[in-house]
Amino acid sequence: MTQEMEEPGAEKGRFRIVQNWQAMNEQDAADLSEFWQRHGALSGEELIRKRLSQVVVHARTPEGEIAGVSTVDFAVVPQLDQPMYLYRSFIAPPWRKTLLVRRLFTASASCLEEYARVHDYPAIGLIAVLENSRFGEIAGRDRPVWGSGAMRQWTYIGKNAKGREMRVSYFKGARLKRS
């Protein structure tokens, strides 16, 4: 069942966060498919169908327009030799200078952490590859660990083969998987 999530903090009321993880409905699937195609983010029915199965949450404006979406893919990350969710988000151009990317990550991480806890941690956390060069321009983004206190932390783990920064965020209660 699709579930709406209330997110505290910045821009409350500006976006409605809708949880789709393991609960995609037909209307959201159709809207997300159109959203990706309209913005040139994804094309081809097979790729879109696969990505729809990976949607964690999406955000809608007060008018009901989709503003952004987050997805994950399960992967054993070679650098870590651990099962992780490879996190992705796509924000529509009008909303890229807002805090929506943070809201999507926070909502996605909470949803996936709860799912992992209930299902004996099929993944121990999230990994993100920073595709947008703007992250490097934001003050404080040169720190090895982002976030502190009650905020979820992103830890720098190096760069991928394309030279893009990689960060991880581990789920509370997760344990390393030993072979």
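**Exercise 1. Determine which residues Trp 154 is in contact with, leaving aside its neighbours within four places in sequence.**

Solution. Taking contact to mean heavy atoms within 4.5 Å, and leaving aside the neighbours within four places in sequence, we find that Trp 154 touches Phe 105, Ile 127, Ala 128, Pro 144, Val 145, Trp 146, Arg 167, Val 168 and Ser 169. This is a predicted model, in which local features need pLDDT of at least 70 and side-chain atom pairs count only at pLDDT 80 or more, while totals for chains, interfaces and linings use all residues. Residues are numbered from 1 along each chain as its sequence is written, and side-chain values use heavy atoms, with hydrogens and water left out.

**Exercise 2. Describe how E8 pairs with strands E7 and E9.**

Solution. Two strands pair if DSSP finds at least two bridges between them. Strand E7 (residues 145–146) is joined to E8 by two bridges, and the two run antiparallel; here Trp 146 stands opposite Trp 154. On E9 (residues 165–170), E8 pairs over four bridges, again in the antiparallel sense, with Gly 158 opposite Met 166. The hairpin of E8 and E9 has five residues between the strands, and in it Gly 163 takes a positive phi near 80°.

**Exercise 3. Count the aromatic pairs, and classify the pair of Phe 35 and Phe 90.**

Solution. Rings of Phe, Tyr and Trp (its six-membered ring) pair if their centres lie within 6.5 Å, and planes under 30 degrees apart count as stacked, over 60 as edge-to-face and the rest as tilted. By this rule there are eight aromatic pairs. The ring centres of Phe 35 and Phe 90 are 5.6 Å apart and their planes stand at 70°, so this pair is edge-to-face. Because Phe 35 lies in helix H1 (residues 26–38) and Phe 90 in strand E5 (residues 82–91), the pair ties together parts that are 55 residues apart in sequence. Finally, Phe 35 and Phe 90 are both buried.

How values were computed
Buried means under 20% relative accessible area, exposed over 50%, partly exposed in between (1.4 Å probe, protein chains only).
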